[in-house]
Each structure stands twice: as structure tokens, then as C-alpha cells.
Amino acid sequence: IINSKIPHILVVPFPAQGHVKPLMKLSRQIAKHGIKVTFVNIESVHEKIVSAAKRSDEVDEDEDEEHNIAMTSIPEGISSEDDKSDTFKLLESLRSTMPGFLTDLIERINSTNGDEKISCVIADVTIGWILETAEKMGAEPVVFMPSSAAAFAMALHIPKLLEEGSLDENGTITKDETISLSENIPSWTKNELCWSFSNDLKTQKLFFDCSLRVQKAAYQTKLLLCNTSQELEPSACNLIPNSLPIGPLLNLKTPKSSFISCNFHPEDESCISWLNNKPSKSVIYVSFGSLAIFSQQQLDELALGLELSGHAFLWVVRSDLANGSQFGKIVEWAPQVKVLSHVSVGCFLSHCGWNSTLEGLSNGVPFLCWPYFADQYHNQNYVCDKWGTGLRIDSDENGIRTRYEIKKKIDMLSCDDVLKGNALKMKEICDKSVGEGGSSYRNFEMFIDHLRK
Ligand code: UDP
């Protein structure tokens, strides 16, 4: 035997819900192949997951892969609670402290498990700087991109755009009205670049610098895992050297331990029995992911718009969805993938986070798009303009999506058979990519072979 080492992968997500969940999906797929995974969260995230799991409804299904996943945590290097929710301080702290904490962790694992030393580190591109730590510790660095390949391609393009003068040093578009990378990828207007959502230039610069660093991480690794497929984003995938599209990553069966779901909020399964009593494709599922925050006025308009539409709806109202709202909750956190695959769901009113976008597409559910920030505007353009599976809910001149606009778009979607047909076609395309022999399936097999070598 040339190499008797058992592969052991360390997976390190950026500490946000939309980053932790897809990396856990990836980890479960890897573990299913008998490869050991250690999944590392920062302590505050780890605590959220533990607490949500304790309060979640228990589901009882058995899964082999769970035995191969160890969950662990490292400190975030910040002691004050206020500072933990300050993105600047958290990012700064992660940059300065993560390499040290991860080095200690890898040393500890390597010294206790002689046969199971860390052979590879998969890092979220957002914290790509830890790949240097991986290399120093003798592990192969691999990057994971949790957003679209288009967002990745755009980040890789920044140096060229700076050189041409199309972007200034804060990431603001200077010359042209839009930036286009290829005619098959929706172009970006000034407010659609994923770092340009804030009116505050300091925040924009922080996120722009993060995107710039994607560059470095991308060239440090031979493998860039993308949660997309060649069929969904052919042009964008072709613009990224070394890209390995392995998506859309799906939820395998519901895990036995809610811990493995990595939810930051407890899942409320009661909505599934509620859905069971509704007619086929009759329910609008409304969810804005984990980060969007609304004004009370906007929240009221949405509630009134849904009511005005006359359709049944299932609405995820996180306890922190509104600024100071007293709004009664409908469901605080849904088992979203289960909901989207339910026959009663006919439409997904979504903020178009990349995970939600993939989950809607994979289940053939048409979208009503309500982007909030970051890459969500660009994802909306994919949904509405490239894949033809959704309609935009537009804001009025005061930046409000009114109840009348909401009702109008619900009505339009209800009778748009072309759009519904496209949604079903996209489901087929996704199924084919990840199904046996499909492009993402083959790429994933290649990756597993690579890990074993
Ligand atoms: N999600 C969920 N239950 C909910 C709302 C969201 O499980 O009630 C999951 C959703 O399935 C997705 C993730 O949370 O996997 C949100 O990621 P996304 O990229 O869509 O949005 P973000 O939270 O990053 O804005």
C-alpha cells in the first residue's frame, strides 16, 4: 500500500447561516463516501446551532454519514457581545486570530489521531486567508464558493476592472452604467455589485476588500468547488480557472441529529402538517433567509399584500426580521427544503440568497423576487432574465414594495404557464446535473477520488 492514510478533511465555513449550511451539505456528501470530516465553527455559531437543535422537533431517521462528521469550535477572539455582532470587528478578529486557533486545532487532531491526520482543508472563500495555514500544516487547501459562479468570476475580474478604471478603489463603478463579463451572464449595475449594497462607503470598502481577497485564495488552490452546475452557469464556470461545479448541493435525507442541520434557529416542523392539508401548488412560501431586516412599514405592506392576494401563504418571520416590530410570528424558521419540495407549494417569494435560489430551482418552484442585498440582485437577474422562472416585485419611488405591487405580481405569476413550465425545466436540469452520470455528479466523484489519493 502506497498511502495508508485515511483522508480527514477539515471544513471551515464563514460564520453566517447561508455559508454554514451549504458547507454542511458538502460535508455530509463527503462523509457518505466514508471520509472523515471535522467541521469547525466559531464558538458563538456553535452555541446557536446547539441551542437551535435542542429546541427543534426531533426527527428520527438514520444516516450513516453522521458518524463520520465531528463538529467542533474555535474561539472568535472577541469577548464583548456587542463586538461579536459588529461585522468589521468580527472580520478583523477572524483574520488575526483564526490562523492561530486553526493551527492549534490541527496540531491537536494530528497528534491524537495518528492515522487520521488532516489531509485537506476546505475553506469558504470569504475566509480564504486560512488556506495559508492549511499549507503550512501540510494539508491541501481547497476553496469553496457558496455564491454563484458569476459572483466568483466577478471577484476574479476586479484587478482588471481597477486597471481599466471601470471601478475605483472603493469598488464603485466609474465609467459605464453596467459591468458585463459575458453576454450569457446578467450584467451588473451600480447597485447590484455584491459589495455595493451599503450607502456607507466604509462598509462598501470592507466588502469590496473581501471580494478582492477572493483572488488570492483562488490562486492558492488547485481546486475551486462551486455550488452551481455547468448547465446552470456555463459562461461563468468557463471564466473561472480550476472551477469544479458540484452543485446544486442538496440536502440528503433529514439528519437524525438536528445538530447536523446547522440551523441557527429551531426548525418548526408544524408547517409541514399544515401544508399537508392544502391543495396542490396553492401556497406561497415567503422567506427572506437569515439576514434581511425590514422596516415596520415594509412588513405591514407585505402582510397586507399577502392578505389582498387571497392565497394561502406560509411565512417565515424570524424574531429579528423587523426593526422593533411586535408582529406575531407565523413560523420562526422552516425546514425550507422540505417546504419547497412539498406539493402544496406553488410559489417562492424569496430574497434570492444563492442557497434559496438553488433550493427553489431544484424543486421546480417559480419565484417572486425580493432581493435585499449583496449578490441577491444579481441572482434575481438570473432567475428573471436568464432562466425565466420568476418575476420581480418592484419598489416604488420611496423604496417600498407596496401591497398592490405584491398582489399584482402574485396574480401575474398565478396565470403565467410559461414561467411555471420554465421552473419545471430548470428542475430537470438541476436533477440531471447532480444525478448519476451528470456533470456535477462526475465532478464530485473526481473530487472524492482526489481526496483519497
Ligand atoms: N432556511 C431555512 N429555513 C428558513 C429560512 C431559510 O432552513 O426558514 C435556509 C435556507 O434553506 C438556506 C439558508 O437558510 O439554505 C439561507 O441561505 P440563503 O443563501 O438563501 O440566504 P442568506 O440567509 O444567506 O441571506
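## The ligand shell

The shell around the ligand holds six nonpolar residues, ten polar and two charged. Here Ala, Val, Leu, Ile, Met, Phe, Trp, Tyr, Cys and Pro count as nonpolar, Asp, Glu, Lys and Arg as charged, and the others, Gly among them, as polar. The model is predicted: local features need pLDDT of at least 70, side-chain atom pairs count only at pLDDT 80 or more, and totals for chains, interfaces and linings use all residues. Residues are numbered from 1 along each chain as its sequence is written.

In total, 18 residues surround the ligand, and the closest are Gly18, Gly289, Gln336, Gly353 and Ser356. A residue is near the molecule if its C-beta atom, placed from the backbone, lies within 6 Å of it. Elements giving two or more residues to this shell are α1 (17–32), α11 (336–340) and α12 (354–362). Helix α12 gives the most, with four residues. Helices (H or I, at least four residues) and strands (E, at least two) are DSSP runs, numbered from the N terminus.

## The five-stranded sheet

Five strands form an open sheet in the order β11-β10-β12-β13-β14, with parallel pairing. Two strands pair if DSSP finds at least two bridges between them. At the edges lie β11 (312–315) and β14, each pairing on one side only. Neighbouring strands of this sheet are turned by 20° against each other on average, direction ignored. Axes are lines fitted to C-alpha atoms, for helices over the stretch in contact, and angles run from 0 to 180 degrees between N-to-C directions.

Strands β10 (residues 283–287) and β12 (residues 345–350) pair in the parallel sense over five bridges. Val286 has Leu349 in β12 as its bridge partner. Helix α13 packs on the sheet, touching β13 and β14, and its direction makes about 125° with that of β14.

## Helix α13

Helix α13 (residues 376–386) is mostly covered, with eight of its eleven residues buried. Buried means that 20 or more other C-beta atoms lie within 10 Å of the residue's own, all placed from the backbone; exposed means 12 or fewer, and partly exposed is in between. Among the buried residues of α13 are Tyr377, His378 and Tyr382.

The buried residues pack against α6 (149–164), β7 (188–189), α12, β13 (367–369) and β14 (390–392). Contact means that two C-beta atoms, placed from the backbone, lie within 7 Å. After α13 comes Gly388, whose phi is positive, near 60°.

## Two nonpolar cores

A nonpolar core is a set of buried Ala, Val, Leu, Ile, Met, Phe, Trp, Tyr and Cys residues joined through C-beta atoms within 7 Å. The largest one has 77 residues; Val121, Val143, Phe152 and Leu225 have the most contacts inside it. Helix α6 supplies the largest share of this core, nine residues. A second, separate core of 41 residues includes Tyr285, Trp333, Ile406 and Cys430.

## Strand β2

Strand β2 (residues 36–42) is mostly covered: seven of its seven residues are buried. In a regular strand the side chains alternate between the two faces of the sheet. Lys36, Thr38, Val40 and Ile42 are buried on one side of β2, and Val37, Phe39 and Asn41 on the other.

Strand β1 (residues 8–12) pairs with β2 in the parallel sense over four bridges. Lys36 in β2 is the bridge partner of His8.

## Gly305

Gly305 is found in helix α10 (residues 296–309). Gly305 counts as buried because it has 22 C-beta neighbours inside 10 Å. Leaving aside neighbours within four places in sequence, Gly305 is in contact with Arg403, Ile406 and Lys407. Its C-alpha atom is separated by 7.2 Å from that of Thr402, 97 residues apart along the chain.
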